[in-house]
Structure formats: C-alpha cells, structure tokens
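Open your viewer and keep the sequence beside it. This tour tells you what to select next and what you will find there.

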Amino acid sequence: MKQHKWYGPKMEHIADVKTVNLSDVRGMALQLIEEVGEKPDLVVFVASGAYLIGKIMAEHYDVPLKEIRAQRSGTQLKKLLHPVLQVLPSKLKIWLRKREQCSGGHAIRNCRTISYEFHDAEHEGIGSILLVDDAVDTGNTMLQCFHTLQKHYPSAKIMTAALSVFDGSKDTVNVDYHIFDNMIVMGPWANDHKEHSKFMRIYKEAKENNAF
C-alpha cells in the first residue's frame with residue numbers, strides 16, 4: 001500500500017455531519033456487524049475512540065477485545081482545549097470539524113506512534129482479526145495499525161472496519177467494511193462532544209478492570 005499526499009476534501013465534498021450520542025452507538029455497531037458478516041477470532045479497536053464500537057462487536061462475536069493506540073502530533077493540544085470546545089455552540093463546533101477535515105492536517109502529520117501490548121501466547125487460535133476505528137480520513141492510522149498487527153500475527157487474516165471512510169484515504173488503505181462515505185461522525189469519543197467525559201469514564205473504568 002502506498003502513501004500519498006492529501007490535503008483534505010473541499011468543504012462541499014463532505015457528505016454531512018452526523019451527531020452520535022452514547023445511546024446511538026450500539027445501533028451503529030450492530031449495523032457495522034451486518035456489513036462484516038464473517039466472525040473474527042479477535043477484535044482490536046483503535047483507542048480510545050473506537051472502544052464502545054469494538055466492545056459491542058466483540059461481545060456479539062463472543063471473542064476477546066484488545067486495544068491498539070496511535071498517537072499523532074496535535075492530540076495533546078486537543079486535550080488541553082477540551083474545556084473550551086465543550087462550551088462552543090453546536091454550529092460552530094460542526095464548522096470547526098469540517099475545517100479540520102478539509103485542512104488535510106492529518107495527512108501532513110502522517111507519522112503515528114503505535115503501541116500494542118502483545119504476548120507470544122496470543123498467536124494460538126488467532127486466525128482472523130477485525131481492526132475497528134470510528135473513522136478513516138487519510139488512512140494513515142489504519143494503515144500503520146494494520147502493519148503492526150500484521151507483524152505480530154503474520155499468519156492471521158486482518159479485516160478492517162469503520163463507521164465512516166473518506167475518499168482521501170482510499171489510495172492509502174482499503175477499508176473492508178464501513179457504513180458511511182465522507183461523513184463526519186461526531187460521537188462521544190470526540191473532545192468537543194457533550195458526552196465525552198462520560199465516554200472517557202466508561203473507557204477508563206474498563207481499562208482499569210482489564211476488560212481489554
């Protein structure tokens with residue numbers, strides 16, 4: 001798979017912005033499950049955004065759940081701005097999200113630091129893996145996570161899935177299953193979502209309880 005330069009779609013090429021609350025996540029995850037069909041032996045979610053999606057899918061398939069982390073520059077700044085983002089009017093947050101998507105900054109900062117906790121014993125019984133993210137915009141995160149899992153599980157079939165896939169990612173990585181095209185999904189995993197704090201509490205509690 002080749003890397004490419006992409007500086008974001010034009011504003012009019014973004015299909016729409018869909019706001020998703022915690023109560024909506026199960027329905028969307030089940031919709032994605034219908035697209036996948038095939039049962040994996042392991043579900044791996046891109047942390048922390050895809051946690052609930054991955055959790056619901058792993059429970060449906062009755063398979064283990066693990067996380068993979070991809071850190072890029074700019075993430076820490078978003079965390080610092082979280083209190084400000086929370087109080088912005090919804091229309092302004094949607095406009096800012098569109099501007100971020102169109103800026104292509106994610107493509108320019110295409111290097112991620114990938115971390116994945118792996119133990120040799122985990123090779124056993126893993127013939128297929130489902131790698132899940134909430135959105136694939138440039139494809140860089142999905143591609144690098146894919147290669148990391150491929151390194152640890154060289155004989156496993158790795159499938160990829162996301163709620164939304166943007167055209168700007170398609171020269172970088174092929175996402176096997178998705179629901180939306182060019183759709184900005186504003187879910188509780190986003191810093192500017194009203195339920196973000198609640199989402200993070202759920203995620204941190206699960207992590208502390210070794211749920212993945």
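**Stop 1: a loop residue**

Select Asp62, found in the loop between helix 2 and strand 3. Helices (H or I, at least four residues) and strands (E, at least two) are DSSP runs, numbered from the N terminus. Asp62 has a phi near 60°, which is positive although the residue is not glycine. Most residues other than glycine have a negative phi, and most peptide bonds are trans. Is Asp62 buried or exposed? Asp62 counts as exposed, at 66% relative accessibility. Here, buried means under 20% relative accessible area, exposed means over 50%, and partly exposed lies in between (1.4 Å probe, protein chains only).

A word on what you are viewing. This is a predicted model, in which local features need pLDDT of at least 70 and side-chain atom pairs count only at pLDDT 80 or more, while totals for chains, interfaces and linings use all residues. Residues are numbered from 1 along each chain as its sequence is written, and side-chain values use heavy atoms, with hydrogens and water left out.

**Stop 2: the whole protein**

Zoom out. The protein has eight helices and eight strands. Of its 212 residues, 51% count as buried. Now think about contacts, meaning heavy atoms within 4.5 Å. Take those between residues at least 6 apart in sequence: 74% of them join residues at least 24 apart.

**Stop 3: helix 1**

Select residues 22-36, which form helix 1. Helix 1 has 15 residues and reaches 22 Å from its first C-alpha to its last. That is close to the 21 Å expected at 1.5 Å a residue; the expected span is 1.5 Å times one less than the number of residues. Which residues of helix 1 are buried? They are Leu22, Val25, Met28, Ala29, Leu32, Ile33 and Val36. These residues cover an arc of only 150° around the axis, so they sit on the same side of helix 1. The arc is that of the directions from the helix axis to the C-beta atoms. An α-helix has 3.6 residues a turn, so residues three or four places apart point the same way. Then step to Gly37, which follows helix 1 and has a positive phi, near 75°.

**Stop 4**

Select Ser48, in the loop between strand 2 and helix 2. The peptide bond from Ala47 to Ser48 is cis, with omega near -10°. Move on to helix 2, residues 51-61, where eight of the eleven residues are buried. Among them are Tyr51, Leu52, Ile53 and Tyr61. What covers the buried residues of helix 2? The cover includes helix 1, strand 2 (42-47), strand 3, strand 5, strand 6 (157-165) and helix 8 (196-208).

**Stop 5: Asp133**

Select Asp133, in strand 5 (residues 128-136). Asp133 is buried, with a relative accessible area of 7%. Leave aside its neighbours within four places in sequence; Asp133 is then in contact with Val46, Ala50, Thr141, Met142, Ala161, Ala162 and Leu163. Draw a line from the C-alpha of Asp133 to that of Leu163: the two are 30 residues apart along the chain but separated by 7.2 Å.

**Stop 6: helix 7**

Select residues 140-152, which form helix 7. Its 13 residues reach 19 Å from first C-alpha to last, close to the 18 Å expected. Ten of the 13 are buried, so helix 7 is largely enclosed by the rest of the structure. The buried residues include Asn140, Met142, Phe146 and His152.

**Stop 7: Asn182**

Jump to Asn182, in the loop between strand 7 (177-181) and strand 8 (183-186). Its phi is near 55°, a positive value in a residue other than glycine. Asn182 is buried, with a relative accessible area of 13%.

**Last stop: a pocket**

Select Lys66, Glu67, Arg69, Ser115, Tyr116, Glu117, His119, Glu122, Lys207, Asn210 and Phe212, which line the second largest pocket. A pocket is an open set of points on a 1 Å grid over the protein atoms alone, where a 1.4 Å probe fits, with protein on both sides within 12 Å along at least five of seven lines; lining residues have an atom within 4 Å of a point. Strand 3 (residues 65-71) gives the most to this lining, with three residues.
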